[in-house]
Amino acid sequence: MSTVKLNLKALTAKDLMTSAMLTLSDQMTLQEASAFLTEHEISGAPVVDEEGKFVGVVSVTDIARDCAERGEIATERFFRHFYSEGWEDEVDPADMEHLVLGNESRTVADIMNATIFTVPEDTPVMELAETMISGRVHRLFVTQKERLVGIVTTLDLLKLLTGNESPGS
């Protein structure tokens with residue numbers, strides 16, 4: 001196996017970002033959002049309004065926190081599946097519908113985080129990591145002249161650091 005030495009100091013957000021972003025509508029129900037995130041195997045996504053404007057971000061943690069705060073719990077069937085098979089085995093999006101019970105009118109807009117962590121595309125990789133750590137966030141949105149052009153996640157950084165994926169792939 002050959003190893004490629006990367007100069008981490010030379011890499012920027014543009015080198016690491018994914019430009020094709022999946023988004024959630026602010027009008028999606030929490031059940032729909034849960035199923036969407038599971039189906040696409042992502043832990044969170046940017047939220048857009050009816051005009052397509054970027055208005056926030058929602059993660060599986062936000063959905064679970066909302067469910068817990070309202071005293072709603074997952075069914076025994078969901079927990080049994082999760083603990084016996086874990087996330088490494090594919091979870092059926094239909095199973096995620098059982099995570100959010102009760103008030104089916106709750107939408108992504110009700111729980112989204114309007115605090116959006118953005119970084120310019122020329123931000124060095126080390127600064128990305130520092131921002132994620134200090135902000136306790138798992139995704140940063142990359143901008144070019146104040147226009148959203150991509151996303152960098154903690155998984156992207158981990159892949160880079162472990163050599164499991166080269167930048168821009």
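At what angle do the axes of helix H2 and helix H3 cross? In this predicted model, the axes of H2 (residues 30-39) and H3 (residues 60-69) cross at roughly 145° and come within 10 Å. The crossing in which H2 passes H3 is left-handed. On the H2 side the contact is made by Leu30, Ala33, Ser34 and Leu37, and on the H3 side by Val60, Ile63 and Asp66.

The side chains of Asp66 and Arg106 are joined by a polar contact of 2.4 Å. Arg106 itself sits in the loop that runs between helix H5 (93-96) and helix H6 (108-111). Is Arg106 buried or exposed? Its relative accessibility is 18%, and since buried means under 20%, Arg106 counts as buried. Apart from neighbours within four places in sequence, Arg106 is in contact with Met28, Thr29, Leu30, Asp66, Arg70 and Ile111. Two of these residues, Leu30 and Asp66, also take part in the contact of H2 with H3.

The sheet comes next. Three strands, in the order E1-E2-E3, form an open sheet with mixed pairing. Strand E1 (24-25) and strand E3 (54-59) stand at the edges; each has a single partner strand, so one side of each is left without a neighbour in the sheet. Strands of a sheet pair through backbone hydrogen bonds, in either a parallel or an antiparallel sense. For strand E2 (residues 44-48) and E3 the sense is antiparallel, and the pairing extends over five bridges.

Where does Ile116 lie? It is placed in the loop between H6 and strand E4 (118-120). Not counting residues up to four places away in sequence, Ile116 touches Phe54, Val55, Gly56 and Phe141. With a relative accessibility of 26%, Ile116 counts as partly exposed, because that class covers values between the 20% limit for buried and the 50% limit for exposed. The C-alpha atoms of Ile116 and Val137 are 9.8 Å apart in space, while 21 residues separate the two in sequence.

Note on methods
Residues numbered from 1 in each chain as written. Predicted model: local features only at pLDDT ≥ 70, side-chain atom pairs only at ≥ 80, totals over all residues. Heavy atoms only, no water. Helix = DSSP H or I, 4+ residues; strand = E, 2+ residues; numbered from the N terminus. Buried < 20%, exposed > 50% of the residue type's maximum accessible area, 1.4 Å probe, protein only. Polar contact = N/O pair within 3.5 Å; in protein donor to acceptor, adjacent residues only side chain to side chain. Contact = heavy atoms within 4.5 Å. Pairing = 2+ DSSP bridges. Axes fitted to C-alpha atoms, helices over the stretch in contact; angles between N-to-C directions. Left-handed = near helix turned anticlockwise from the far one by under 90°.
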